[in-house]
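Subject: Structure handover

Hello,

Here is the structure we talked about. Please have it open while you read; my notes follow below it.

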Amino acid sequence: MIEAAGLSKRYGDKLAVDQLSFSVKPGQVTGFLGPNGAGKSTTMRMILGLDAPTSGAVTVNGKPFRQAAHPLREVGALLDAKAVHGGRSAYNHLLCLAQTNNLPKKRVDEVLALVGLNAVAKKRSQGFSLGMGQRLGIAAALLGDPKVLMFDEPVNGLDPEGILWIRNLMKALAAEGRTVFVSSHLMSEMESTADHLIVIGRGKLVADCTVQEFIDNNSELSIRVRTPQLEQLGALLAEKGGIARADGEDALVVTKLGMTQIGDLAFDNQIRVHELSPIQASLEQAFMELTKDSVEYHAAVPAGKGA
Amino acid sequence: MSAMTDTPAVFGGMTPLPEASGRAGFSGALRSEWTKIRSVKSTTWTLAAAIIIGVGISALGNWGQANHTTETAAQLAQKDLVQRTMFGIILGQLVMVVFGALAVTAEYSTGMIRTSLSAQPRRGNVFLAKLVVLTVVAFVVGEIISFASFFIGAHFWATKGVSLSLSTHGALQAVAGGGLYLVGAALLAFGIGAALRHTAGAITLGVALLFVINIITNFMPTSWQQDIDKWLPYNAGSQVWATQHTADVGTAFGAWAGFGVYIGYAVIALLAGLWVFQRRDA
């Protein structure tokens, strides 16, 4: 269980995290979503006490992380797979971490085997691929059999096999009753992993709900209409308050009007309709919709019609 | 909710961890820091370089001087030849600065510090454990340099009829002091490194304080030099590896008073480092 109350972090005149309050519950995977620069990593660093909050507080299993008797048994975290000394072997990296919490040496060998790195245990980690580095970070997170697991963008740069492995691992950890808190800016990734979502934009909480609720609440249903009389139908839809945009040569994507309304309108005006279908809103779309006003770094839209 | 019953237990087949007892603290941090320092090649390289440079320069310098001196044995006996045998410390200290700085700055340059502090968030334990391990290692290496330098140098001077031994007046303290001086250099650099969190910056400042500053004061008016000279870190600290305590200008400190001043600088750097280590975001 992670509980944040009024958590804020200011860097100079920039408010990176703004009055964030949420709780991450055990037994499920909680996705921590936000565009790049939304404050996800800063929040995770504050949970671990690496950064001190400007105001507010955050506790792990009821107390500040710094007070945990055995920190590695409390929280296993993978914030940055590159946060290792590349000149140290995988084994010694894990050993020096295990020793801080008086964990047995045997545990190091066991977590190395668990993540599949036992063959390269004595190799210096600077020669590791991105995926191997990620596995080493996860081995470190699992050292203390922790109640809470925290992963910051764990699938970044992984191959599909690695992504699947991490996804299953997170689900399995949650199924064992652990608290799993995982950040991502890839909505599609969360859609297939998370049970619950905490969404932030520009440091502020924008949603705290289940994945399904998030989609339902934040995406407008849109409808695709294929017709040879594109312009005629487009004008009629606009008259009725619909918002239509062209989707290729012969189709429109319509929002603000229901499927029945569109069908009836076409029928009444003797417009041929070759297709009328709802477009399933994905988490990606819902997320874009919700955070479009709070994206830190907007890419300039190329000339022509914006999406 | 992921009510996945078919997912295997993550830790299935692993030995359950022993029951947690007590609290993760200093002793664990100490073992961890020992593992850290012995498991990277940069430690071996820097310490080997310190020994090779420290002992090598001492040996070369004393071999050359002993061979070329025109002074008689009686004249030479008036000089502080004990300190001269450890001449290489002047350059060896610079390598010790690198060693001391890297002991903490490498954690920041690699990002390892965030992993370290996630395992032991009570930062005072980590800082103190690093400090103890650094001190012990620097002490062993420092004494190797000073004693090896002394015995090699004594061998060269013996060919000139000057007999140097540890029982020579003040020799044992001076030779042991040579190692202690090198510990001080490592501690100073460690404190600066913790405060600056930057390898190059820490090494530059450490070298400036122990070496460059002495060159700069040579260009100052003599009256200024008299006031400042004995307070310079090198001048104060080097009294502990000398058997004679008269500086070129001004009055020198005694062996332990000088060493106290020198360690005082290191302590100031360490306190600044500790403050930053504890307070600043990692």
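A term before the findings: a residue counts as buried if 20 or more other C-beta atoms lie within 10 Å of its own, and as exposed if 12 or fewer do. Please also keep in mind that this is a predicted model.

Start with β12 of chain A, residues 251-255. Which residues make up its covered face? Leu252(A) and Val254(A) do. The uncovered face holds Ala251(A), Val253(A) and Thr255(A).

β12(A) pairs with β10(A), residues 222-226. The sense is antiparallel, over four bridges. Here Val253(A) has Arg224(A) opposite.

β12(A) also pairs with β11(A), residues 243-246. This pairing is antiparallel too, again with four bridges. Thr255(A), from the uncovered face, stands opposite Ile243(A). β11(A) and β12(A) make a hairpin, with four residues between the two strands. In the turn, Gly248(A) has a positive phi of about 85°.

**The six-stranded sheet**

Chain A also has an open sheet of six strands. The order is β5-β6-β7-β3-β8-β9, and the pairing is mixed.

Leu33(A) has Ser184(A) in β7(A) as its bridge partner.

Two helices to look at here. α5(A), residues 130-142, packs on the sheet and touches β5(A) and β6(A) (148-152). The direction of α5(A) makes about 170° with that of β5(A). α6(A), residues 160-175, lies across β3, β6 and β7 of chain A. α6(A) runs at about 150° to β7(A).

**Contact between the chains**

How many residues does each chain give to the contact? Chain A gives 50 residues and chain B gives 39. On the side of chain B, the elements that give two or more residues are α1 (26-38), α2 (41-68), α5 (89-110) and α6 (112-119). By class, that side has 19 nonpolar, 13 polar and seven charged residues.

Best wishes

Terms used: Residues numbered from 1 in each chain as written. Chains lettered and ligands numbered in written order. Predicted model: local features only at pLDDT ≥ 70, side-chain atom pairs only at ≥ 80, totals over all residues. Pairing = 2+ DSSP bridges. Contact = placed C-beta atoms within 7 Å. Axes fitted to C-alpha atoms, helices over the stretch in contact; angles between N-to-C directions. Nonpolar A, V, L, I, M, F, W, Y, C, P; charged D, E, K, R; others polar.
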